[in-house]
Amino acid sequence: MSGQSSNDDIYLFIMRHGEAEAPRLDDKSRQLTPLGREQAKTAALWLKDQYCNTGVVDLALVSPYRRAKQTHDMVSLDIAAGKVESSDDIVPEGSPKLVSDYIDGLLHAAVNSKKPIKKLLVVSHMPLVSYLVDELCQSYTTSLFSTASIAVIKYSLREHKGTLVTHYQGL
């Protein structure tokens, strides 16, 4: 498998939610469409095949918006998370610097624990996911994310930065 890792590798999976209903007054309650559910399921299968053959990530950070939670629910059918956190910081208008610093802090705090974080999934929204990849990789190319796409970042604790490995664009 091309994406299998050594013991020192940390992988971050930055995922945009699947296709959602048309915008409405209450953006937080928008749900996935049937296509969005299929996109999330297909993305999960790709992620499991390429990077998570054990079917587990150590931590999932999920936006509190309904469509992101539903996307994570679909991913969870194939990839379980050791721990799931909902965060109001990973919403569409969230701060990529704040989220990047939070992720770096989580990874450093866990490094000497009984359960270090080797695989972390973030399920969020545009434009945050795009800016977050830039912040984590210090690249500033502002990649566009199609719905249910996943950017895979290999992260260096020593350098406090990641390298974009691939960007699965989905269905």
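Select strand 2 and strand 4 (residues 119-124): four bridges join them, and they run parallel. Strands here are DSSP runs of E with at least two residues, helices are runs of H or I with at least four, and both are numbered from the N terminus. Two strands pair if DSSP finds at least two bridges between them.

Before going on, some ground rules. This is a predicted model, where local features need pLDDT of at least 70 and side-chain atom pairs count only at pLDDT 80 or more, while totals for chains, interfaces and linings use all residues. Residues are numbered from 1 along each chain as its sequence is written, and side-chain values use heavy atoms, with hydrogens and water left out.

**Stop 1**

Five of its seven residues are buried, so the strand is largely enclosed by the rest of the structure. Buried means under 20% relative accessible area, exposed means over 50%, and partly exposed lies in between (1.4 Å probe, protein chains only).

Strand 2 and strand 3 pair in the parallel sense over six bridges. Here Val62 stands opposite Ser86 in strand 3. Follow the chain between the two strands: it passes through helix 2 (residues 66-76), and this β-α-β crossover is right-handed. Right-handed means that, with the strands pointing away from the viewer, the path from the first strand over the helix to the second runs clockwise.

**Stop 2: the largest pocket**

Select Asp58, Leu59, Gly82, Lys83, Glu85, Leu106, Ala110, Lys115, Pro116 and Ile117, which line the largest pocket. Strand 2 (56-62), strand 3 (80-86) and helix 3 (96-110) each give two or more residues to this lining. Strand 3 has the largest share, three residues.

The space in this pocket is about 230 Å³. Rolling a probe the size of a water molecule over the atoms shows where empty space is left. On a 1 Å grid over the protein atoms alone, a cavity is a set of points where a 1.4 Å probe fits but cannot get out; a pocket is an open set with protein on both sides within 12 Å along at least five of seven lines, and lining residues have an atom within 4 Å of a point. Points are joined across faces, edges and corners, and the volume is the space filled by probe spheres set on them.

Color the lining by class: five residues are nonpolar, one is polar and four are charged. Ala, Val, Leu, Ile, Met, Phe, Trp, Tyr, Cys and Pro count as nonpolar, Asp, Glu, Lys and Arg as charged, and the others, Gly among them, as polar.

**Stop 3: the largest nonpolar core**

Which residues have the most contacts inside the largest nonpolar core? Select Leu12, Ile14, Leu61, Ile103, Leu107, Leu120 and Val122; the core has 25 residues. Such a core is a set of buried Ala, Val, Leu, Ile, Met, Phe, Trp, Tyr and Cys residues joined through side-chain atoms within 4.5 Å. Two or more residues each come from strand 1 (10-16), strand 2, helix 3, strand 4, helix 4 (128-137) and strand 5 (150-156). Helix 4 gives the largest share, six residues.

**Stop 4: strand 5 and its neighbors**

Select strand 5. Five of its seven residues are buried. Strand 1 pairs with it in the antiparallel sense over six bridges, and Ile14 has Ala151 as its bridge partner.

Next, show strand 6 (residues 161-168), which pairs with strand 5 in the antiparallel sense over seven bridges. Lys154 stands opposite Thr163 there. The two strands form a hairpin with four residues between them, and His160 in the turn has a positive phi of about 55°.

**Stop 5**

Most residues other than glycine have a negative phi, and most peptide bonds are trans. Find Met126 and Pro127: a cis peptide bond joins them, with omega about 0°. Pro127 sits in the loop between strand 4 and helix 4.

Move to the loop between helix 4 and strand 5, where Gln138 lies. Phi of Gln138 is near 50°. Gln138 is partly exposed, at 42% relative accessible area. Its C-alpha lies 6.9 Å from that of Lys161, 23 residues away in sequence.

Ala148 is in the loop between helix 4 and strand 5. Its phi is positive, about 60°. Is Ala148 buried or exposed? Ala148 counts as buried, at 1% relative accessibility.

**Last stop: Asp104**

Select Asp104 in helix 3. Asp104 counts as buried at 14% relative accessibility.
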